[in-house]
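Thanks for coming, everyone. Please hold your comments until the end.

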Amino acid sequence: DASVLLSDLFLDTHCFNLDLDPERADEVGLSFEPVSRGRIPDIAGTLWLDSETARLKSLEYTYTWAPWEEAYGVAQGQVDFENLPTGAWIVRKWWIQMPVMGADFTVPGSRATSRVRVVGIKEVGGEILRYSSLDRTVVSEELPKGALGGLVWDGTRQLPLAGATVFLSGTSYASETDPEGNFLISNLPEGVFKAVFTHPRLDSLGAYSRAVQVTITPGVSTNVTLGIPSTGTDLALSCNVDELEEGTSAVIGFIRGAGTEEPVEGATVIVTWSSFDDSTGHYTACGVPVDTRLTVRAVIGERETETLQITAEEGRPAVANLFIGG
């Protein structure tokens, strides 16, 4: 808050510089960063001011440290300020974004290892739509509204994604896609937002929607396309480059309980040419031969799944979801 940014302690521990952005010709920035960056949470950012009046317009900031390398640069936020006719200052709009971390189990060689990665983004925020004086007189005027429309596409199936909930991060503005994957969010205030979506298919793929920045203009309908990455992208995210030699692919999937579909931990997934342990019900086998019939099954104790026969294509992982009884 303002008391922190203006405190002697903050001024003594941060460097300040002039910042100019060609895309923000009417603004001048006062950027800041910690004097020393260590294993202590801190922030770096920019205070943007009107270049003619020097009035404060916004603050953009990023957290400079995270316990996990994958989370560097993800935690960030923005605060938009407004100077009222009375001379008072208010926060007109704000949002803060934090990473949601989870274990990602990959299989380099024949040993199962895990690492922590970003599996989602949590964002909260708020906006003042109207304000009034102490005598209840409305000071702000209702501005013309804008709209956001577009398409949500499922790249893994090359089909429009119906039933996805599209929303603007940090706000209550949301809409659901129709059977053709189209959506429309109307009655939006002017500003810059981040559009994201949720859908059960994202959970099944272990993926999350990457935010797309959109600018809402009064009286204008803005269009945007959101989507789930293609399987080729999923393959690159599942396996390291050195695990995917030319002419090889991967097998991915989940192991769940028959009837309950709950994730099964501690099972051994067996592909005819190699075996390894999985965790949290998800497994990945990298470097499998392409255009070759593969036999896949999982064993845990005395229980085992049915055996599946699959074939992997180059650049596209084969999916083998296994269900174990008992």
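I'll take confidence, then the overall fold, then a pocket, then one leucine.

This is a predicted model, in which local features need pLDDT of at least 70, side-chain atom pairs count only at pLDDT 80 or more, and totals for chains, interfaces and linings use all residues. Residues are numbered from 1 along each chain as its sequence is written, and side-chain values use heavy atoms, with hydrogens and water left out.

Confidence, then. pLDDT is the predictor's confidence in each residue, from 0 to 100. The chain averages 78, and 75% of the residues score at least 70. A contact means heavy atoms within 4.5 Å. Residues 274-280 are also below 50, with 25 such contacts. Where pLDDT is low, the predicted coordinates should not be read in detail.

Now the fold. The chain has four helices and 24 strands. These are DSSP runs, numbered from the N terminus: helices are H or I, at least four residues, and strands are E, at least two. Of the 326 residues, 38% are buried, meaning under 20% relative accessible area with a 1.4 Å probe, protein chains only. Among contacts with a separation of 6 or more, 49% join residues 24 or more positions apart.

Next, the pocket. Strand β5 gives the most, with seven residues.

Last, one residue. Is leucine 226 buried or exposed? Leucine 226 is buried, at 3% relative accessible area. This leucine sits in strand β15, residues 221-228. Leaving aside neighbours within four places in sequence, leucine 226 contacts Leu151, Val152, Trp153, Val166, Ala195, Val196, Phe197 and Val212. Take valine 196: 30 residues away in sequence, yet 7.4 Å away in space, C-alpha to C-alpha.

That's my tour. Comments, please.

Terms used
Buried < 20%, exposed > 50% of the residue type's maximum accessible area, 1.4 Å probe, protein only.
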